[in-house]
Amino acid sequence: MNADDQDLLDALLEGHHRALARTISKIENRAPGYRNLVSELYAHTGNADVIGITGSPGAGKSTLVDKLAETYRERGETVGIIAIDPSSPFTGGAVLGDRIRMASTIGDMDVFVRSMSARGTLGGLSTATADAVKAMDAFGKDKIIIETVGAGQNEVDIVRTADTVAVLVPPGSGDSVQTLKAGILEIADVFVVNKADRDGADRTVQELREMLHIGADVGFGGSGHHGADAMAGAGGTSTDDTDTDADTDADTDADSDEPDDWTPPIVETVATKGTGVDTFIDELAAHKSFLVDSGTHAEKVRQRYAEEIRTLLREDVNALLESELESAGGVDELAEAVRTGETDPYAIADDVLTPVADCLSEAEIEAVQAELNSQ
Amino acid sequence: MSSEQDEESQSQPQSHGQGEGRSIRCLVAKVGLDGHDRGAHVISRAFRDAGFEVIYSGLHKAPDDIVQAAVQEDVDVLGISILSGAHDTLVPKIMDGLEEYGAREDTLVLVGGVIPEEDRPELKEEGVAAIFGPGTSIEETIEFVRENAPER
């Protein structure tokens, strides 16, 4: 790490807000040296509770996050918030509008709000978000809240970087078939029916309850949320959280026979008035205790790191491929060749990848030879 | 905007606002009591369409609030929209706040709105890089940001 980055790291660890802000910028920009910087952060992390909040646009996420942060502050805890908004697929531009709703904590530097946009990268946002969480954790934030618009797989990946995921479901958000569909609802550790003072709130609560009930009956991973909790089911024969069962595929074969399986509670809130926020916080804390007590937390953290490693590798390979494409004359020409019927994408993928694969196996052979020679 | 900063930003290739990596980040701020933010909305939208990342502060913010947002969001550009005539007192407070966090040097500060000619030199002395009065074209503003956003 160069001297500037060392200074930045030192300043961050000393609690300078600007250093935290700068570090997150470096992470977002993939600025030179950012990887070493993030590497160094890891040693200082692990103390924050990370909470993911998602839900459809207009569900009231930002307002609830604001009240959440306010309440944590009243309890003497510091808060970091990462608010994610989509960016334009055409220009890359974005209006990051969540900050505007976080008025209760304005002027309080111990609530650090950072807006992030997707910047149109595949999987890149979840890496950047996870790294930004690391920065806030190392800085010393007690609670870190990640807020995303629940609109796609990307959000699912992002909120999975949290220990506890809350999904906001506004009243009247569809019939019970909606709740059967796969996706965002499955990742909830806590359901929040926000705007609970509106018509249809009771019915939405009822539909969620039914969904959870069906989930429990057919025995799929603790009523609809899988991931680490399901993994606890899969590895449930052992209470030792350092066992090797982590190799078990997290999303299969999970059963909910575990007596201490987590059933996501349904909390009703009116974020604009602060109603239900204390209950919500209690449930978040309850889930955290469940994770720790059941030994699931270690599993979850391990799974998260596995995902981080995969994403990082995927990104690197992606970059390699992009430069490979560049050296092959750019993707446009290849695409044109497909359009005019000269070739097809599969043939091109083969052509581009074969030299890469050859290089890899050559390198492998060389490594083996080097090892043999050294013996 | 100091002249050496000008030269520096022109001597380096511009990779701003497109694709992966670096993106110009702007805070569009409404400070003080005026309650009219159509202009701020228009600018925010135009900046978005230019490929910038825009954070809008919302109405009725105190200078401290703006400083907090600018520091936390680590923006390259701070655009302050003022119609109330209170720029003489509010803008210096913001500049002092940025100074306090060491963010004044490399934040491009712009002021938009109704600023009388006689007040302009003082604002420039405070460190405001440009003042865009009524009638300034959006393109001109975007161009200015593209050319002068600090390289970091």
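Colleague: Why does Glu28(A) count as buried?

Modeller: This is a predicted model, and in it Glu28(A) has a relative accessibility of 6%. Buried means under 20% relative accessible area, so Glu28(A), at 6%, counts as buried.

Colleague: What makes the contact between Arg25(B) and Glu28(A) a salt bridge?

Modeller: The closest N and O atoms of Arg25(B) and Glu28(A) are 3.5 Å apart, and a salt bridge needs a side-chain nitrogen of Lys or Arg within 4 Å of a carboxyl oxygen of Asp or Glu, so the pair meets the definition.

Colleague: How do you know that the salt bridge of Arg22(A) and Asp106(B) joins two chains?

Modeller: The closest N and O atoms of Arg22(A) and Asp106(B) are 3.0 Å apart, and the cut-off is 4 Å, so this pair qualifies as a salt bridge. Arg22(A) lies in helix α2 (residues 17-29) of chain A, while Asp106(B) lies in the loop between α4 (87-100) and β4 (108-113) of chain B, so the pair joins two chains. Both Arg22(A) and Asp106(B) are buried. Over all chains, a search of the whole structure finds 34 salt bridges.

Colleague: What makes Asp49(A) and Lys143(A) a link between distant parts of the chain?

Modeller: Asp49(A) forms a salt bridge with Lys143(A), with 2.7 Å between the closest N and O atoms. Asp49(A) sits in strand β1 of chain A and Lys143(A) in strand β5 (residues 143-147) of chain A, 94 residues apart. Both partners are buried.

Colleague: Why is the aromatic pair of Tyr42(A) and Tyr305(A) called tilted?

Modeller: The structure holds 4 aromatic pairs over all chains, and one of them is formed by Tyr42(A) and Tyr305(A), with 6.1 Å centre to centre and 55° between the planes. Rings pair if their centres lie within 6.5 Å, and planes under 30 degrees apart count as stacked, over 60 as edge-to-face and the rest as tilted; the angle of 55° falls in the remaining range, so the pair is tilted. Tyr42(A) lies in the loop between α3 (34-41) and β1 (49-55) of chain A and Tyr305(A) in helix α12 (residues 296-327) of chain A, so the pair ties together parts that are 263 residues apart in sequence.

Colleague: Are these tyrosines buried, partly exposed or exposed, and how do you know that of Tyr42(A) and Tyr305(A)?

Modeller: Tyr42(A) has a relative accessibility of 29% and Tyr305(A) one of 33%. Partly exposed is what lies between the buried limit of under 20% and the exposed limit of over 50%, so Tyr42(A) counts as partly exposed, and so does Tyr305(A).

Colleague: What makes the pair of Phe132(B) and Phe144(B) edge-to-face?

Modeller: The ring centres of Phe132(B) and Phe144(B) are 5.7 Å apart and their planes stand at 80°, so the pair is edge-to-face, the cut-off for that class being over 60 degrees. Phe132(B) lies in strand β5 (residues 130-132) of chain B and Phe144(B) in helix α6 (residues 138-148) of chain B, so parts that are 12 residues apart in sequence are tied together. Phe132(B) is buried, with a relative accessible area of 12%, whereas Phe144(B), with 22%, is partly exposed.

Definitions and conventions: Residues are numbered from 1 along each chain as its sequence is written. Chains are lettered from A and ligands numbered from 1 in the order in which they are written. This is a predicted model: local features need pLDDT of at least 70, side-chain atom pairs count only at pLDDT 80 or more; totals for chains, interfaces and linings use all residues. Side-chain values use heavy atoms; hydrogens and water are left out. Rings of Phe, Tyr and Trp (its six-membered ring) pair if their centres lie within 6.5 Å; planes under 30 degrees apart count as stacked, over 60 as edge-to-face and the rest as tilted. Helices (H or I, at least four residues) and strands (E, at least two) are DSSP runs, numbered from the N terminus. Buried means under 20% relative accessible area, exposed over 50%, partly exposed in between (1.4 Å probe, protein chains only).
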